[in-house]
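Subject: Structure handover

Hello,

Please find the structure below, for your files. My notes on what was found follow it.

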Amino acid sequence: MQLPAGPAALAAPLLALPVAFGLSAVSALDSPPALGLAAVLLLLGLVALLILTGAVGLVHDPLFCVLVVFSFVSAVDLLIALEEDGLISGFMELYVREGDPHLRTAHGLLTCYWDGTVHYGLCLAMAAAAGRRKNYRGLGLFWLGSLLMSAVVFLLGNLIGKYSPELSPSFLLNLPYLLLLTWAGLRLFRQPRARPSLSPEQIAEEQRKRLYQRPQDLLLILILILTAAFTFFRGMVVLDCPADSCFDYTYLHEPYLRDPVGYPKVQMLIYLFYLLPFLILAIYGLAVPGCSWLPDWSLVFAGAVAQAQFAHLGSSLHSRTPFPYQTPEEVLWSFLLSNALYALGPQLLALRCLRAPAFFVLPAGPGLARAKKCQ
């Protein structure tokens, strides 16, 4: 019997509990084959997951199997976060101790919470859409950006941070994870876009409007300019700019940027070298009509910034961050407000592209427009 697509993805975390408990029990054997047996248990759990939920039967969309596997990983991450915060016990001690001790950092815990809630919810929604053969490209691109940001910051932070000596051979297991995520991203970009029901006349009318005739876009451009300026400033801060303003900001407003764990530095550098160019291109896309690439990439960066700001804000305030690097009480509200507004800009851009896509549609050529009129 094959479960419907939605309940099938929802059933994925149910196997995370017995698999995690089995791994914990195996660790108590204290014998050399223990880890091998643990790996076999995990593999059998994933195979049973795909068979019992009927994912193998949904051959029309191979991404469904990937989403079920990622939902299982999300459930495992949620168990890790809950156990590290002392809410449960006896499930993930072996994996965290032997496989990935970096998950015990504040950034690791916040990443696990985001993965176990937001990523799992997105996987469930996409799996349900895949089972009904509906388009889920928009959700998928948001999920892709969020998951990519989460993985890249965490892995690079592990490599360059103060806990890099604790890396174990199990770190190489992240390579198949990244390859699977890359394959899923390519599949999402190849899916057909949901075409807006707009006539060529409506598209032409919208694209004829000057910027001063679109006050919402003008306001959004202003927000993106401020976001870009803050991105550049914080990038200079982590690059040890000698300016007094950078020094004061690091020590008085956001000392977490100095934390030697490496995650905040990697985060700000990704913002500087990837998000900043995108913001400049997005401003261009809001000013010049026909930039059809902007709706897709706005979703990717909206997901990436949402995940990154959640982990960054939470880590700055978490008790596992050493006290000298936690946000001072005197600037707490300004810190929260500035970072919340920073995360808001890309979300507003994605919402603008989704709600009024006519400005970004490639204009039809004269011959094509005449052909459509004659039909």
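Predicted model: local features only at pLDDT ≥ 70, side-chain atom pairs only at ≥ 80, totals over all residues.

Residues are numbered from 1 along each chain as its sequence is written, and side-chain values use heavy atoms, with hydrogens and water left out.

Confidence and overall make-up

The pLDDT is the predictor's confidence in each residue, from 0 to 100. Its mean for the protein is 84, and 80% of the residues reach 70 or more. Over residues 367-375 the pLDDT is below 50, and this stretch has 2 contacts in the model beyond near neighbours in sequence. Contact means heavy atoms within 4.5 Å.

The protein has 14 helices and 0 strands. Both are DSSP runs numbered from the N terminus: helices are H or I with at least four residues, strands E with at least two. Of the 375 residues, 48% are buried. Buried means under 20% relative accessible area, exposed means over 50%, and partly exposed lies in between (1.4 Å probe, protein chains only). Among contacts with a separation of 6 or more, 76% are between residues 24 or more positions apart.

Aromatic rings

A pair of aromatic rings is described by the distance of the centres and the angle of the planes. Rings of Phe, Tyr and Trp (its six-membered ring) pair if their centres lie within 6.5 Å; planes under 30 degrees apart count as stacked, over 60 as edge-to-face and the rest as tilted. A search of the whole structure finds 13 aromatic pairs. In one of them, Phe189 and Trp297 have ring centres 5.1 Å apart and planes at 35°, so the pair is tilted. Phe189 belongs to helix α7 (residues 174-190) and Trp297 to helix α12 (residues 294-317), so this pair ties together parts that are 108 residues apart in sequence. Phe189 is partly exposed because its relative accessibility is 28%; Trp297 is partly exposed because its value is 38%.

Phe247 and Tyr251 form a tilted pair, at 4.6 Å centre to centre and 35° between the planes. They are separated by about one helical turn, because they are 4 residues apart in helix α10 (residues 244-253). Phe247 is partly exposed at 48% relative accessibility, and Tyr251 is partly exposed at 42%. Arg258 lies over the face of Tyr251, at 4.1 Å from the ring centre. A charge sits over a ring if NZ of Lys or CZ of Arg is within 6 Å of the ring centre and within 35 degrees of the ring normal.

One aromatic cluster is formed by Phe230, Phe233, Tyr249, Tyr271 and Tyr342. Arg234 lies over the face of Tyr342, at 4.9 Å from the ring centre.

Loops

Most residues other than glycine have a negative phi, and most peptide bonds are trans. Arg133 has a positive phi, near 60°. Arg133 sits in the loop between α5 (106-131) and α6 (137-160), and is exposed, with a relative accessible area of 63%. Asp240 also has a phi near 60°; this residue is in the loop between α9 (215-238) and α10 and is exposed at 64%.

Gln326 is in the loop between α12 and α13 (332-355). A polar atom of the Gln326 side chain lies 3.4 Å from the backbone oxygen of His318. Leaving aside neighbours within four places in sequence, Gln326 is in contact with residues including Pro255, Ser316 and Thr321.

Two buried residues

Where is Cys291 found? Cys291 is in the loop between α11 (263-287) and α12, and is buried, with a relative accessible area of 6%. Cys291 and Phe359 are 68 residues apart in sequence and 8.0 Å apart in space, C-alpha to C-alpha.

Asp217 lies in helix α9 and counts as buried because its relative accessibility is 3%. Leaving out residues up to four places away in sequence, Asp217 touches Leu211, Leu286 and Arg352.

Regards

Notes
Polar contact = N/O pair within 3.5 Å; in protein donor to acceptor, adjacent residues only side chain to side chain.
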